[in-house]
Structure formats: C-alpha cells, structure tokens
Amino acid sequence: MIEPSLALYGEAFARVDQHLEELLEATGVRYCLLVDRKGFVLSHKEALWAPRPPALDSVATLVASNAAATAALANMLGERTFSEQTHQGENGTLYVESVGDEALLTLIFDTSVALGKVKVYARKTISKVEAVLDELKDAPVPELGEGFSQGATALLDDLLG
Amino acid sequence: MSTINFAAREINCKIVYYGPGMCGKTTNLKHVFGKVPGHLRGEMVSLATEDERTLFFDFLPLDLGTVQGFKTRFHLYTVPGQVFYNASRKLILRGVDGIIFVADSAPNRLRANAESMRNLRENLAEHGIDISEVPIVIQINKRDLPDALPTEMIRAVIDPHKRYPVHEAVASGGSGVFETLKVASRLVLEKLSKNR
C-alpha cells in the first residue's frame, strides 16, 4: 500500500451525501465538495439555483495542492497543519477545512452568505463526516473482479492507439 | 494506492511525470491533451511562470471509460523539474500510483538526469513509499537532438540494474508519448487488480 486511501461506498457514502446536503441547505452555499488529500472528489453537492460549477476535477486538484502546500508551510512554522483556510475574493469565498487527516471539506459561496454562519455549520458537518470516515478505516477492502485488468487494458488500447 | 469510490463507482489513479528541468514533462502532457478527444479528458491545469516553466504542477484528468461497471480515470501530473523547487515537487508525489521518469538526451543534462532520479528516490522515501512498490517507466526524450547520447548510456546512469521499461521519445513531435503512457498505465492497472 502506498498511501492510506478512502473508499467511500454504499451506506457510508449515502450518509456523507446526506450531511453535505443538509449543510448546503442550512448555509446557502453554492457548491459543497468533499475532496481527499490527493485531489480526488469523494462527494459533491450543488445548490439547485447555482450556475453550473467550474470543472470540479480542477477545483479538487487545486484545493488539495493548496492544502498540501500550506501544510508544508505549517510544518516550517512548527504547526502540525493549518486546519482551516479562507480565500476571499470580490464576489465570493472559498472556504476549506480539514476533515480528519485524509479529506478536505470545500465550500464555495457568494457574498450574500455570512462566513461566520458557514463556519459554525461546517464544524458541525465535519464532526459528523469525520465519524463516518473513521468507521470506514476498519471496513473490509473491496475486491476488484478477475478481468478488471484486461478490460481496462483494452480500453487503454482504444484510447492511446 | 488508488482511490476507489464504490458509490459513484469510480477508480482514480495518479500518474506523475518526473525528471530534470526542461526535459519535456509538460510537453508530454500537452501532446496527450492535444490528441485525446475532448469528451475523454478534462481541462488541463498549468501552474507555470510567464516563460512557461512549471512552477507547481500541470494536471490533466483522463477518462478511460467503464471497466466492470467502474468508471476508470487517470490523473496525470507533472512536477517542476528545477532543482530549487523540491518542496513543491515532493508534494505532488503524495499518493502516486505510477511514475514516468522523463530523461533528457542532451550530453550536458546527463548529470541532471542522475540527480533527478536520486531526488525521486529521496522524496519517495520521505513519503514512506518503497520505490520497488511503485511502477516506474523511463522515457528517454529528445532523441532528435543531433548530439543525443546513446540510450544505453543514459539508462546506465539512471537505471543501472535495468529494472524499468525504457521508451525513446521525441515529445515535441509526439513520438513515444502515448507508448510511454500506455506502459505506465498498464503497470498501474495490473498492480491495482493484483493488490485486491
């Protein structure tokens, strides 16, 4: 194993999804993402009224890289990590907070939403989501079928010629 | 280890292009971006300086399609090759599933190749990753240089025990780019099914 990773599936996924949905409704943010520290989107929710989100893969990658960079900075300053980051622009805010050691909660919202309110609700959601992720650590590793490698290789041939 | 999302039924793998400064990592990625049909790739993110040297990383998501009901996706990253950017280079290696080491064929970059390989070992070790556990493919790039060193000579410096598959390439013209990526992806996929 190279790095502990999260496999979010089944009932656990549904619970995380539900927590994100509630957070979205309670705060009025546009987009709500749970991203793992490697930059993969684990789960995402968007408000019905919000415009189409930017490329979520890119958002997740940049958020994770940014978190990695600031964590390295934190280490230099004698901190273990900076658990929370706010980036405020003219029209909106990006708010990122750690969920345990493996994930990041990312919220994107416009100026009509109060940052203080978001923080309060985000904390609540994080403690719930963290509990779900903790349970997952003991979950059995799911098995991939026999022919997975062959199937994927065939697709690879199609894609790369 | 790859991230498997069973709810969304997605498998994500991370492949990193490593190598000395100016060896052609970003050029590799740009070629892939240019040749893969739009619906199979996402946006390319480049964090580069004004003169187009990679500052933090380049990123390109690539969709393979659905295998046994799992949407399989590769995330391709490059690192900044310049020696003094090691802090950010190390960050990109986090959680890597496969590495493509791009070596430069120019005679005056032979030492840089060796140093970059040593740096890769050090950085992997700092992440607690055993180098023998990560699939690595070597791409010997810039074969079109008039004074390009022999492949064997470059290999002797970066891979003396001949552990890794080697491919020749001219990334600026696109030759060898897909071949290298294919070998690396295949190794990652094989490891994925073996581990589980």
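In an unreviewed UniProt entry, residues 16-109 of chain A are listed as "domain: Roadblock/LAMTOR2". The model described here is predicted, and over residues 16-109 of chain A it is 35% helix and 34% strand, with the end C-alpha atoms 20 Å apart.

| Strand pair | Sense | Bridges | A bridged pair of residues |
|---|---|---|---|
| E1(A) and E2(A) | antiparallel | 5 bridges | A:Leu34 and A:Ser43 |
| E1(A) and E5(A) | antiparallel | 6 bridges | A:Leu33 and A:Thr106 |

The hairpin of E1(A) and E2(A) has 4 residues between its strands, and in it A:Gly39 takes a positive phi near 100 degrees.

The largest nonpolar core has 37 residues, of which A:Leu34, A:Val99, A:Leu105 and A:Leu107 touch the most other members. Several elements of chain A each supply at least two residues of this core, namely helix H1 (10-27), strand E1 (31-36), strand E2 (41-46), helix H2 (56-76), strand E4 (92-99), strand E5 (103-110) and helix H3 (115-136). The largest share, 7 residues, comes from H3(A). Leaving aside residues up to four places away in sequence, A:Leu107 touches A:Leu23, A:Val29, A:Tyr31, A:Cys32, A:Thr93, A:Leu94, A:Tyr95, A:Val118 and A:Ala122. A second, separate core of 33 residues includes B:Leu60, B:Val67, B:Leu76 and B:Val102.

Helix H4 of chain A, residues 148-160, has 13 residues and reaches 18 Å from its first C-alpha to its last, close to the 18 Å expected at 1.5 Å a residue. In H4(A), the residues A:Phe148, A:Ser149, A:Ala152, A:Thr153, A:Leu156, A:Leu159 and A:Leu160 are buried. Seen down the axis of H4(A), its buried residues fall within an arc of 120 degrees, so they line one face of the helix. The face turned away from that buried side carries the exposed residues A:Gln150 and A:Asp158. H4(A) is followed by A:Gly161, whose phi is positive, near 75 degrees.

Contacts between the chains can be followed from two residues of chain B. Not counting residues up to four places away in sequence, B:Ser185 touches A:Leu156, B:Ile15 and B:Phe74; A:Leu156 is one of the buried residues of H4(A).

The other residue, B:Val45, is found in strand E3 (residues 45-48) of chain B. B:Val45 is buried because its relative accessible area of 11% is under 20%. With residues up to four places away in sequence again left out, B:Val45 touches A:Ser58 and A:Leu62 of chain A, together with B:Phe57, B:Asp58 and B:Phe59 of its own chain. B:Val45 and B:Phe59 are 14 residues apart along the chain, yet their C-alpha atoms are separated by 5.0 Å.

Key. Residues numbered from 1 in each chain as written. Chains lettered and ligands numbered in written order. Predicted model: local features only at pLDDT ≥ 70, side-chain atom pairs only at ≥ 80, totals over all residues. Heavy atoms only, no water. UniProt positions renumbered as here; feature names shortened; annotations may be inferred. Expected span 1.5 Å × (residues − 1). Buried < 20%, exposed > 50% of the residue type's maximum accessible area, 1.4 Å probe, protein only. Arc of directions from axis to C-beta. Core = buried A, V, L, I, M, F, W, Y, C linked by side-chain atoms within 4.5 Å. Contact = heavy atoms within 4.5 Å. Pairing = 2+ DSSP bridges.
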